[in-house]
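Here are my notes on the two-chain model you sent over, in numbered points. Have the structure open while you read.

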Amino acid sequence: MKLFEFEAKNLASNLGIATPRGAVASSAEEARDIHKRLGGAVVVKAQVLVAGRGKAGGIKFALKPEETFDRAKEMLGSFIKGENVRKVLIEQKLPVKKELYISIAEDRMNKCQTVLASRQGGIDIEEVARTHPEEIARRHMDPVYGIRGYEARDLALNLGYGGQQLNMISDLLTNLYRLSVIYDCELVESNPLVETQDGRFLAADLRMIIDDNSLFRHPEFQERSKEPGAELTPLEAKARENNLAFVELDGDIGIIGNGAGLVMATIDLVKYYGGQPANFCDVGGGAAADRVASALGIIQSSDKVRTVLVNILAGITRCDEVAKGILDVKKVVGLKKPLVVRMVGTNEEEGRRLLETAGIKPLIHMEDAARLAAKGA
Amino acid sequence: MPILVGKETRAIVQGITGNQGSFHARLMLEYGTKIVAGVTPGKGGTKLQDVPVYDTVATAKDETNADSSVIFVPSPYAKEAAMEAMDAALNPVVIITEGIPARDEMVIMRYAREHSTVIVGPNTPGVITPGQSKLGIMPGNVFRPGSVGLASRSGTLTYEIAASLTHAGIGQSTCLGIGGDPIVGLSFVDVLKMFREDSGTESLVLIGEIGGTAEEDAAKYIADTRYPKPVVAYVAGKAAPPGKRMGHAGAIITGSEGTADNKIRSLVAAGVRVAEIPSGIPELLVRKVQAVR
């Protein structure tokens, strides 16, 4: 789950991480008032979850409160990379001396958190990694001992700081690491982390991504994680309420299957045969009738879906349960779109019999089913 | 000689009295797996399907001489369950549990390095050596004994492809899921090393998916070592959009990393034939094996 910049900064400030003075606004009037309180020049920042908003017009400077009003008015309700802007963050403009980069990210290969620090901040870190790999210092964190003072100091040296600033950077790194641990973050990233002209360090931007698998131990995020909006489409939010793994796509062929890999392969196959998948929906292993029914219900409620493809390879799942789920939907609300079913495995005969009685003929091979669905069934 | 599990394997099931644990303990027993004990704290002294249940892994091991473990313990408790298995020197430890926080998985893997324990998973269907033993949740009937080693990041897609191999008359030596999470124990490279030494495995199938670099790392290893056995592959998620998690915690394209295209390109460059559709695997395998001979 991604946090908005203002949410991340609130959590960071509570741990003593310096961020620019500012506040979040939902209206242009509020934005203007915040500017009046802050005084001086400010920056108006669209609160969106997609990265790279700066280039898309989501970061603007303003000298006077009236300007802030205008910038906020333009941004609020607009779309940045497809994402609706509902809040703007108004912050004091910093006297920047240097822009740095610091992140703490899940490192799959080394099976730990890895800190990246670079003197080249404020730009795309992947670009820096490509063009100036020597400009990025890396340090793998021990998952038990965490960041040690000398490791943080070593990174500070790599960033080119000594004296009092060495300790300031290493304290900052230690606090960012604590932030990452306390909230089970997949990513904590400050880009840029600003060195001001008077030698202080502030997280001018801050991104946090929370590990979804850790939400059970973070009651503070549980409601937030189910809200439709920036991260979830209304359909995805509805699916999440029903505990389905669901991703909305651009096409018109609804997809339901059991197992993430099988569903991905089904989507690929539909595309291979010229169709456009409308979604990814994994009902999971051992799916009972009600899960299949809720998946089918959600997918056929979408206007853009023209055909639905169900692909079940039953191991722990039982075909008769899947058939019952489909028939429940048929009985209660009716099947509103042409349906292609591929179903093999455990209790196949019983499942097949149930569906055939209702006039649905399940297929054996997923290729055949995908080809049929791609043609519009 | 299979890898990881075989006829002699004596396993315990951690979380044996739970829904999943009891259901799959029964199926593993039916398949012929030697499930010698179960562990559920507070249920010690009871029995499940004639399998004795203990309160701790250490007592289960002492009483039954078990050598490996399959974990079904719910995600909040899975980290400690894995550590308990490692403290009792069980090896391998297969973690079926889905939804374990990545930070807990990092601790598990660090502990595994210290203990020289092989961890399969988490979020894996497990390991099966057809006709001998299975430590996991896969439907046994789609597998047949043979000489193809199979490693995958997915469950049902593995059954799909294993079934197509079996249907084509191609049996398997050992099949395993390395797990669908970002942080897992055994990697494709580790599995390639094991199959390399296994005289019972003549060729390999790798089933990858978007996210991370496990497939690219495997491709590099295959190229660098001039891997001596034929390898074919399938990669799922060609149509997946970036930044979206496709069911598995680990199946996500982040920035420019983890795309199916990049994985396929790396594998092809290493001499691995990559099937366009899952049902293409058996034919590719036959052709590849013939080409080598």
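1. A salt bridge here is a side-chain nitrogen of Lys or Arg within 4 Å of a carboxyl oxygen of Asp or Glu. Keep in mind that this is a predicted model, where local features need pLDDT of at least 70, side-chain atom pairs count only at pLDDT 80 or more, and totals for chains, interfaces and linings use all residues; side-chain values use heavy atoms, with hydrogens and water left out, residues are numbered from 1 along each chain as its sequence is written, and chains are lettered from A and ligands numbered from 1 in the order in which they are written.

2. What else is there at that chain B boundary? On the domain 1 side, B:Glu105, B:Met109 and B:Val120 supply 47% of the area buried against domain 2 of chain B, more than any other three residues.

3. Chain A has three domains: domain 1 (1-19 + 95-230), domain 2 (21-93) and domain 3 (232-374). Between domain 1 and domain 2 of chain A, 14 residues from each take part in the contact, and the C-alpha centres are 23 Å apart. About 1100 Å² is buried between domain 1 of chain A and domain 2 of chain A, with carbon and sulfur atoms giving 53%. Here the rule does find salt bridges, four across the interface of domain 1 of chain A and domain 2 of chain A. If you want a pair to click on, A:Lys45 and A:Glu5 form a salt bridge with their closest N and O atoms 2.6 Å apart.

4. Now the chain–chain interface. How much area do chain A and chain B bury between them? The answer is about 4100 Å², 58% of it on carbon and sulfur atoms. In chain A, the residues that lose the most area to chain B are A:Arg108, A:Lys111 and A:Met264, together 19% of what that side buries. By contact, 50 residues of chain A meet 56 residues of chain B. Seven salt bridges cross the interface of chain A and chain B. B:Lys244 forms a salt bridge with A:Glu236, the closest N and O atoms being 3.6 Å apart.

5. Over all chains, the search finds 38 salt bridges. Within chain A, A:Glu151 pairs with A:Arg139, with the closest N and O atoms 3.8 Å apart. That pair links helix 5 (residues 149-158) of chain A, which holds A:Glu151, to strand 9 (residues 136-141) of chain A, which holds A:Arg139. Helices (H or I, at least four residues) and strands (E, at least two) are DSSP runs, numbered from the N terminus.

6. A few backbone spots to check by eye. Most residues other than glycine have a negative phi, and most peptide bonds are trans. A:Asn191 and A:Pro192 are joined by a cis peptide bond with omega about 10 degrees, and A:Pro192 is in strand 10 (residues 185-196) of chain A. Another cis peptide bond joins B:Asn91 and B:Pro92, with omega about 5 degrees; B:Pro92 is in the loop between helix 3 (75-87) and strand 6 (93-95) of chain B. A:Lys81 is not a glycine, yet has a positive phi of about 50 degrees.

Note on methods
Domain bounds come from an automatic or database domain assignment. Contact means heavy atoms within 4.5 Å. Buried area is the accessible area (1.4 Å probe) that two parts lose on being put together, summed over both.
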